[in-house]
Amino acid sequence: MAPSPHPAAPALADALAAGPVVLDGGLSNQLEAAGHDLSDALWSARLLEDRPEAITEAHLAYFTAGADVVITSSYQATFEGFARRGIGRVAAARLLRRSVELGREAARRAREQGARRPLWVAASVGPYGAMLADGSEYRGRYGLTVAELERFHRPRLEVLAGAGPDVLALETVPDADEGRALLRAVRGLGVPVWLSYSVAGGRTRAGQPLEEAFGLAAEADEVVAVGVNCCAPEDADAAVEVAARTTGKPVVVYPNSGEAWDAGARAWRGRSTFGPERVAAWTGAGARLVGGCCRVGPAEIARLASVLAPGGGGPLPHAAF
């Protein structure tokens, strides 16, 4: 396995074995709250070129709130997506590496501000549908074979792995076939991964049973955690238990707030059902890597951190929300 650029921090797998670890919340909502327009097809990845400092500040807000792990802005960053913006492969690879560097810079600043706990950076790897930017990331079934999906993912994975993240976050995966492709694509990279599906109603977004989807990770040595993200908190409740039972591995869970997106009005509706009261049930069922996704911000992560590590790795003293 590739040496960590920060050897003083324990491996994330060791930390998960010792107890719960706090993930960050939604990067896009934090960037939007700071006034950045993410309507571009590249979403938050656009800021890797235009406003990298904004990404560092967003990561820092989550470290300050008590997150132990931040997820990079590379979710929608692909060679194909950058090419549509006129960005060639050399420049695109540089931007992918930059996403990890910005996470490292945020961790450095957090330590300067008083963080005394280990801090990790997870390089985000979004699904094929995120590159299409047409909502198919929540449906799966792209009409591609497992081999074709593996060929799509491998070049980006190689660049991100070479940038030295602590872990690769294979996230918001809608389809067990894509999960299989991603697990093939990470072989030999020397970086641990977590595999996280987007689910609804007890199945993947593509309709497969969760036992089938999670089971792919059971014998994959690279996988340090398996679970769900970008789903309703209610769907996460049952999925955590299934992931733990099916794989015997630590579970990662970071759902959305529970609000619903009204596409016609381009606004979020309803109320949040994400709250610290769910955390005890998740950790009791095997969750060890816990955070939030869309519409979950630093305030929610601060409360979650206080629940998971009272008196310990919670918010830095100067955090105020």
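A salt bridge here is a side-chain nitrogen of Lys or Arg within 4 Å of a carboxyl oxygen of Asp or Glu. With that in hand, here are my notes.

1. Ground rules. This is a predicted model, in which local features need pLDDT of at least 70, side-chain atom pairs count only at pLDDT 80 or more, and totals for chains, interfaces and linings use all residues. Residues are numbered from 1 along each chain as its sequence is written, and side-chain values use heavy atoms, with hydrogens and water left out.

2. A link across the chain. Arg 109 and Glu 53 meet through their side chains in a salt bridge, at 2.9 Å from N to O. This pair connects distant parts of the chain: Arg 109 belongs to helix H6 (residues 89-112) and Glu 53 to helix H4 (residues 52-65), 56 residues apart. Helices (H or I, at least four residues) and strands (E, at least two) are DSSP runs, numbered from the N terminus. Glu 53 counts as partly exposed because its relative accessibility is 35%; buried means under 20% relative accessible area, exposed over 50%, and partly exposed in between (1.4 Å probe, protein chains only).

3. Bridges within a helix. Have a look at helix H9 (residues 176-185), which holds both Arg 180 and Asp 177, 3 residues apart, or about one turn of the helix. Their side chains form a salt bridge at 3.3 Å, N to O. Arg 180, at 27% relative accessibility, is partly exposed, and so is Asp 177, at 26%.

4. Glu 241 and Arg 245 sit in helix H11 (residues 233-247), 4 residues apart, about one turn of the helix. The closest N and O atoms of their salt bridge are 2.9 Å apart. Elsewhere, salt bridges with shared partners tie Glu 53, Glu 105, Arg 108, Arg 109 and Glu 112 into one network. A search of the whole structure gives 16 salt bridges.

5. An enclosed strand. Turning to strand S3 (residues 120-125), 6 of its 6 residues are buried, so the strand is largely enclosed by the rest of the structure. Both of its faces are covered, with Trp 120, Ala 122 and Ser 124 buried on one side and Val 121, Ala 123 and Val 125 buried on the other.

6. Neighbours of S3. Strand S2 (residues 69-71) pairs with S3 in the parallel sense over 3 bridges, where pairing requires that DSSP finds at least two bridges between two strands. S3 also runs parallel to strand S4 (residues 167-173), joined by 4 bridges.
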